[in-house]
Amino acid sequence: MPRIAARLSQGILAALVLWTFSLCSPDDLSAQGAKFYEGKTVRIIVGSSPGGSFDLWARILAEHLGKYIPGTPSVIVQNMGGAGSLIASNYVYNVAAQDGTSLLVPLSIYLNQLTEEKEVKFDVRRFNWIGSQAKEQNVLYMRADSPYKTVAQVIKSDDPPKCGATGVGSSGYIIPKMVNEVLGAKIAVVSGYQGGKEVDLAVEKGEVHCRGITISSHFGREPFDTWHQKGFDLHLLQTSDQRDPRLTDTPTIYELMDQLKTPDLKRRAVRVLVAGGNFYHPVATGPGVPADRVKLLREAFANALKDPELLGKAEKARLETNWSTGEQVQTMVKELLDQPKPVFEIVKKVLEK
């Protein structure tokens, strides 16, 4: 009985808090936010090294986000690369002040949690998701001078290629490992690079042959523009449902699964593995940030993503901006973590180290 009474008391208290919050007008919340944020600095902590698309997006966002947050705080970018964004994610979740002054731009950390990595010290469902910049799919590129011209050749090879990656949450890790599990290849994944820029350099040096990367990044910056002019790389597969206009000669993973008659459970696992592209370049803040401040940050993000100047800079940088709200990302993350056990086991097998 005392336990039941305690639970009832907690429920009543939570209801009162929500009721009190609902009485606050938007002007009241804005005034409270201005009082808090005025004179402060908001940090956008990027879970990868400088130079990649995550870093580039964070810097564009930092230039515009502050003017839409009440109190117009300064906004700066801090890179905290390593372990596929786990270092940065653990920091924002457990160490950073839970007051809305520390934002996180991570890789697909939901996959780290799905595979129950011991380094994961967070629950992605409890992060307060602020929004995401784009919906993305990936391409697996290969050095053109390698002996692997098609996925079929990769599958048949007795000396499989090596693909570079940052960590488990990165597309560089996910795509080749997924190809191994669902299509029967044996690609070796070399992980631990600080960022995508370092992986691309490793490809140029011949340390590795290939990398999984988002389609827009691969067609949106150097060194790829020069690579394409020189015929340095070729494209083996893409993760889109339909072939991207920039990759009309490149088969989708779904076409290849059709050819190989891949079982349904593995097809569902593929959907989970590539789902992070549906909320690409996401922004989150810690689980303890007050609800009113989360609301202000979500509104500021949405307004920033409508800013013509931000959109112009993103277009110039060739970053797509088909964005999602914080509420939408929060829902997608929850659904991804709610999978049938057989699908979960396949995903875990794909991503095991």
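Two residues are in contact when heavy atoms lie within 4.5 Å. Helices (H or I, at least four residues) and strands (E, at least two) are DSSP runs, numbered from the N terminus. The model is predicted, so local features need pLDDT of at least 70 and side-chain atom pairs pLDDT 80 or more, while totals for chains, interfaces and linings use all residues. Residues count from 1 along each chain as its sequence is written, and side-chain values use heavy atoms, with hydrogens and water left out.

**Exercise 1.** Work out which residues of H7 meet which residues of H12.

Solution. Start on the H7 side: Ile 174, Met 178, Glu 181 and Val 182 take part. Their partners in H12 are Lys 266, Val 270, Leu 273 and Val 274. Now sort them: six are nonpolar, none polar and two charged. (Ala, Val, Leu, Ile, Met, Phe, Trp, Tyr, Cys and Pro count as nonpolar, Asp, Glu, Lys and Arg as charged, the others, Gly among them, as polar.)

**Exercise 2.** Decide whether Ser 171 is buried or exposed.

Solution. First, find Ser 171 in helix H7, which spans residues 171-183. Next, recall the cut-offs: buried is under 20% relative accessible area, exposed over 50%, partly exposed in between (1.4 Å probe, protein chains only). Ser 171 has 15% relative accessibility, so it's buried. Leaving out residues up to four places away in sequence, Ser 171 touches Asn 138, Pro 176, Gly 212, Ile 213 and Thr 214.
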